[in-house]
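Reader: Before I rely on the labels attached to this model, I would like each one set against its definition.

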Amino acid sequence: MIVITAPTGNIGSHLLSRLLRSAPAEEGLRVVVRDPARLPDEVRERVEVITGSHGDPEVVDRAFADADAVFWLVPPDSSLTPEAAYSGFTRPAAQALAAHGVGHVVGVSALGRGTPVADRAGLVTASLAMDDLIASTGVAHRALACPSFFENLLEEADSIRENGVFTDLVDADRKAPMVAVADIAAAAAALLLDRTWTGAGSVPVLGPRDLSPVDLARIMTEQLGRPVRYERQSYDDLSSALVGHGLDAAFVQGIVDMKRAKDDGLDAGVPRTDESSSPTTFEQWCVQVLKPAVLT
């Protein structure tokens with residue numbers, strides 16, 4: 001039995017679809033979802049559904065009973081502090097993992113462990129602490145260490161369409177890994193179906209190559225057939241905008257600290273290898289995902 005949290009999210013929906021296609025017939029799939037109506041009818045017919053939040057002790061107690069493996073993804077709650085949003089949310093699950101003797105957990109986390117800025121990287125620091133909490137239960141644990149997602153650019157679709165501009169806080173020429181969520185889901189599926197691995201560790205999922213904002217602008221211009229340029233936003237402007245949207249001030253500071261750490265090399269601590277490089281290129285992603293969002 002594999003338990004999938006956040007099955008309707010960006011990564012979880014890709015993972016669930018992949019497991020429904022490739023998991024052996026004897027492998028049961030159980031999902032934890034607040035609103036089962038968000039699952040397609042054909043999916044609900046093929047999985048066991050536990051309704052509720054996977055931050056709820058009673059829900060995870062039911063969900064983890066007789067489970068062999070769990071896919072763990074925390075949907076960050078911007079009304080909380082980073083520690084509460086990650087470790088606080090995960091603590092009931094950690095207790096349920098130990099109580100039910102779950103063997104394997106695959107979680108979505110971040111790059112940065114072991115770098116000089118890991119302890120001042122805001123949301124990433126909180127995510128790494130969450131990984132340690134899960135590992136402390138004694139389960140075999142793999143944290144998918146991810147950089148920024150291509151999909152983050154979908155938040156800029158309106159600005160790209162209307163103004164030909166996308167923003168971030170990093171230096172325009174800073175190259176860093178970026179990854180498609182489908183590649184993260186593929187890495188998670190492989191680990192969940194294998195389960196011969198032991199101990200605790202991380203698995204970097206870095207995308208095919210490092211890219212700078214200048215590279216992203218050039219590729220978007222080529223693939224969208226219209227000029228796209230990068231504008232660097234200030235930390236103060238981002239903070240003011242997010243607080244103005246009602247986010248918790250500590251959570252906003254966590255976002256700002258994460259962005260600053262990324263500009264200081266947070267994502268550069270893992271050497272790129274064939275194993276850590278995932279296949280989806282930014283060019284492919286632009287054609288398949290960004291172009292329909294911007295041009296339709």
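Author: What follows takes a few labels in turn, with the criterion for each.
Author: This is a predicted model, in which local features need pLDDT of at least 70 and side-chain atom pairs count only at pLDDT 80 or more, while totals for chains, interfaces and linings use all residues. Residues are numbered from 1 along each chain as its sequence is written, and side-chain values use heavy atoms, with hydrogens and water left out.

Reader: Why is the contact of Glu48 with Arg30 called a salt bridge?
Author: The term asks for a side-chain nitrogen of Lys or Arg within 4 Å of a carboxyl oxygen of Asp or Glu, and the closest N and O atoms of Glu48 and Arg30 are 3.1 Å apart, so the pair qualifies. Because Glu48 lies in strand β3 and Arg30 in strand β2, the pair ties together parts that are 18 residues apart in sequence; strands here are DSSP runs of E, at least two residues, and helices are runs of H or I, at least four, numbered from the N terminus.

Reader: What makes Arg30 buried or exposed?
Author: Buried means under 20% relative accessible area, exposed over 50%, and partly exposed in between, with a 1.4 Å probe and protein chains only; Arg30, with 6%, is therefore buried, whereas Glu48, with 35%, is partly exposed.
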